[in-house]
Amino acid sequence: MQASSKIPTDVSYLEYKGKHKGLLSWILSTDHKRIGLLYMYSMMTLFLIGVVLGLAMKFELIAPGKTIMEAKDYNAVFTVHGVIMIFMIVVPGLPAVFGNFLLPIMIGAKDVAFPKLNLASWYVYIAGAFLVIASVLFGDGSPDTGWTFYAPYSFKTGTNMLPAIFGAFVLGFSSILTGLNFIVTIHRLRAPGMTWTKMPLFPWTLYGTAWIQLLATPIVGITLVLVSLERIFGIGVFDPALGGDPILYQHLFWIYSHPAVYIMILPAMGAISEIIPTFSQKHVFGYKAIVASTLAIAFVGYFVWGHHMFTSGMSGTAQYTFSILTFLVAIPSAIKVFNWISTMYKGSINVQTPFYWAVSFIFVFMIGGLSGLVLGALATNVYVHDTAFVVAHFHFIVFGGVGFAFFGAIHYWFPKMFGRMYDSTWANAGWLIFTIGFLTLYSPMFYLGMQGMPRRYYDYLEEFHAANILSTMGSWVMTLGLVIILINLFRSAKSGAIAPKDPWNGKTLEWTVPSPPPVENYEEIPVYGEKDGPYEYK
Amino acid sequence: MSQVIHHDEHYDPEGSKIGMWLFIFTELLLFGGLFIVYSVYRYLNQDAFHLAAEELNTTVGAINTVILLISSMTIAMSTTALQKKQKATTIVLLEITFMLALVFLINKYFEWGIKFDHGIFPGSEYMKEEMSQGEILFFGLYFVMTGLHALHIIVGMVIMGFALARIKNGTVHENRPSLLENAGLYWHLVDLIWIFLFPLFYLIH
């Protein structure tokens, strides 16, 4: 162990030859950029599994009655789809991929605070993913409880629940470690002169998210442990036969799982808050309002879980309280939307692929958010509870919000990550087809839910047929768009035109380093002067 | 390896202390979930919890409390000894802490063993036939919470083991004390949680 090893500053992290070669140089690397890509490739794989399961569900619903699978297979498919998409894709999504890759660069650091822990988090993530996959492949049938693992069914069903529940627990652990790492990184490693109010907005949202990860995930952790112990030993806490209360499970589960929605959406908002100023060539409007609303969402989001349980049996007072708090969350979310729009106002807008994604993000996010108010209001909630309306709502927020932001982010930072440009024509075509498919897929579900079609059934009444056909066709269009996007990105990563340092004229720090960045990011740690800031457009 | 070497050059005791505190938050919340469950069922089954608590041996519980309190003291002394560059004292004090943790586990083992002999364990026929639902819940929580706490004792011992090895080979010393300090912080947490578990299960009647 001699300190003589000088890391070259002119070799990019992609070409750098460390001690290991080939695959090992990736899976043993503590470089935050390589870890970010490790997460991206693993998530891409899992995401495609989730997409295939989603397609299978939509295909089953193309006609009433059995189409391609039995009811119990359908139950397994929506469960595994949910577990993969929630715990492995949207919760870790933006922080693990873009947070890892960009956080240190954006705050002017050479790496995260704990690089080894960072790599360990990836291994923990993979272990969790394998456990969930194993629950499908081995044992007595795939999990069929839905991703929420509701008691008492989750310990009564004969299917292979334990690996799935334990997998979710392990994935939560990975999430906690990443959050912990980011908080310390942001506290300790910001470049000299980068005060809190000069930090770019994406790191700010990562900071908010990291705190929720840290403070909410342990609750679901212990809840999943309890439900597992209930299943193995019969300890009684959630089993009505032994005096336990299944509703308590729901409370504990949603104490985490609602804040988890904000774990997902905050970094998505952060990415959008980076894209919009860059493509408007203008200082972001209301920087402090965006920061304050980020923290407000993180804080208030903690106290709204009860709105998942309006029909589960709660006192009237509890219902009103949760309903009012739910409405409160809409305020900071709306503030952000106003800020994004105002940033564009009188800007010199440069319409590129990331900008398309950002604008469509705002559109779908607003539909998702406003339909969320329908669900947050007691009277309407009782009417559409557990219908396709809810499914439409959270797909607009979770997939529309996080998914669109993810694709926006990857088209924004792709040149930085791979040092190459992508083909804009194909990227735009992919975006258009994807967006049309997305809207065709999920919009009819609002209507179906209003008409009373329940969620999580493989069958439905004849009167819902037409809208379901439309929705299923939407799923094909969306998948086509997805395939175009991915092929374009993969081809461009190999053979796209060489990207300059700053292709979009961005002003945050990541655009001051070469594309792709060198292993150490910075030869010398940048210093923020009095007048410097993340969005200083002249 | 060169990459790793570089990262080792970056040493930030303040950062690793913040990291440990954050981790301690998560641990508190983990047990916090259990404390919520406990308080809900205590509120709903006050008589049964009272009755069931009589089954527990307050003396053993009190002895274990004293053991943990002393062990918290010895690990704190060990940290101070490291700051004062007294390597041998550091090691001895840490070993004492380790042994106290082991004694705690042994006591716990016998305590649980006696319960098992009496047919008190989750899912037992005896409990289902002889006990009320509130008592079943009490013992369900008793085993989960003290069991999870025992698991934390074991984790704490593993961390102490690492700290011991690295103090001995000289990679943890007065200028790089983070591992020992963090082991200490973690150990105080384990102690603190027990301070809450002890009255909740043994003392409140």
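This briefing covers the contact between two chains, the main nonpolar core and the annotated segments of chain B. The model is predicted. In it, 38 residues of chain A are in contact with 33 residues of chain B. The largest nonpolar core holds 215 residues.

**Contact between chains A and B**
- Counted by residue, the contact takes in 38 from chain A and 33 from chain B.
- On chain A, the elements giving two or more residues to the side that touches chain B are α7 (161–188), α8 (201–233) and α9 (246–280).
- α8(A) gives the most to that side, with ten residues.
- The side of chain A that touches chain B divides into 23 nonpolar, eleven polar and four charged residues.

**Nonpolar core**
- Residues with the most contacts inside the largest core are I183(A), M264(A), I272(A), V402(A), A405(A) and L141(B).
- Helix α14 (residues 388–418) of chain A supplies the largest share of this core, 21 residues.
- Beyond its neighbours within four places in sequence, V402(A) is in contact with V90(A), G93(A), L94(A), M264(A), I265(A) and A268(A).

**Annotated segments of chain B**
- An unreviewed UniProt entry places "transmembrane region" at residues 20–41, 62–82, 88–106, 136–165 and 185–204 of chain B.
- Residues 62–82 of chain B are 100% helix and 0% strand. The end C-alpha atoms of this stretch are 30 Å apart.
- Residues 88–106 of chain B are also 100% helix and 0% strand. Here the end C-alpha atoms are 27 Å apart.

Definitions and conventions. Residues numbered from 1 in each chain as written. Chains lettered and ligands numbered in written order. Predicted model: local features only at pLDDT ≥ 70, side-chain atom pairs only at ≥ 80, totals over all residues. UniProt positions renumbered as here; feature names shortened; annotations may be inferred. Helix = DSSP H or I, 4+ residues; strand = E, 2+ residues; numbered from the N terminus. Core = buried A, V, L, I, M, F, W, Y, C linked by C-beta atoms within 7 Å. Buried ≥ 20, exposed ≤ 12 C-beta atoms within 10 Å, placed from the backbone. Contact = placed C-beta atoms within 7 Å. Nonpolar A, V, L, I, M, F, W, Y, C, P; charged D, E, K, R; others polar.
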